[in-house]
Amino acid sequence: MMLLGVMLFAVNDTIGKFLLGTYAVGQLMLVRSVAGLCAMAPFIHR
């Protein structure tokens with residue numbers, strides 16, 4: 001789980017830096033927050 005978490009942080013950082021050339025910071029933060037909420041929604045619902 002630790003290895004997966006570290007890998008996902010690195011992937012998130014890489015994708016964020018790649019997309020900042022195309023999208024504004026606010027748009028990128030909104031999409032990242034919505035994606036995180038969708039991933040955590042089943043755990044929050046419990």
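Here is a walk through the structure, one selection at a time.

**Before you click**

This is a predicted model, in which local features need pLDDT of at least 70 and side-chain atom pairs count only at pLDDT 80 or more, while totals for chains, interfaces and linings use all residues. Residues are numbered from 1 along each chain as its sequence is written, and side-chain values use heavy atoms, with hydrogens and water left out.

**The whole chain**

Start in cartoon view. Helix H1 covers residues 2–19, and helix H2 covers 25–45. Along its principal axes, the C-alpha trace spans about 35 × 25 × 10 Å.

How much of the chain is buried? Of the 46 residues, 4% are, where buried means under 20% relative accessible area, exposed over 50%, and partly exposed in between, with a 1.4 Å probe and protein chains only.

**Stop one: the nonpolar patch**

Select Met-1, Leu-4, Met-7, Leu-8, Val-11 and Ile-15. Together they form a nonpolar surface patch with about 630 Å² of accessible area. Patches are built from residues with over 30% relative accessible area and no salt bridge, joining like charges within 9 Å and nonpolar side chains (Val, Leu, Ile, Met, Phe, Trp, Tyr) within 5 Å. Zoom in on Ile-15, which sits in H1 and is partly exposed at 45% relative accessible area.

**Stop two: the salt bridge**

Which residue pairs with Asp-13 in a salt bridge? Select Lys-17: the closest N and O atoms of the two are 3.7 Å apart. The term asks for a side-chain nitrogen of Lys or Arg within 4 Å of a carboxyl oxygen of Asp or Glu, and the structure holds one such bridge. In general, side chains of opposite charge can pair when their charged atoms come close. Both partners lie in H1, four residues apart, or about one turn of the helix. Lys-17 counts as exposed at 59% relative accessibility, whereas Asp-13 is partly exposed at 42%.

**Stop three: the largest pocket**

A pocket is an open set of points on a 1 Å grid over the protein atoms alone, where a 1.4 Å probe fits, with protein on both sides within 12 Å along at least five of seven lines; lining residues have an atom within 4 Å of a point. The space inside is about 390 Å³, a volume filled by probe spheres set on the points, which are joined across faces, edges and corners.

H1 and H2 each supply at least two lining residues, with H1 giving the most, at eight. Color the lining by class and you get 10 nonpolar, three polar and three charged residues.

**Stop four: the loop and some distances**

Go to Gly-21, in the loop between H1 and H2. Gly-21 is exposed, at 71% relative accessibility. Draw a line from its C-alpha to that of Leu-8, 13 residues away along the chain, and you will get 21 Å.

Next, pick Met-2 in H1, exposed at 67% relative accessible area. The C-alpha atoms of Met-2 and Val-31 are 24 Å apart. Finish on Ala-10, also in H1 and partly exposed at 43%; from its C-alpha to that of Leu-30 is 19 Å.

Methods:
Areas by Shrake-Rupley, 256 points an atom, 1.4 Å probe, with all protein chains shown as cover. Nonpolar A, V, L, I, M, F, W, Y, C, P; charged D, E, K, R; others polar.
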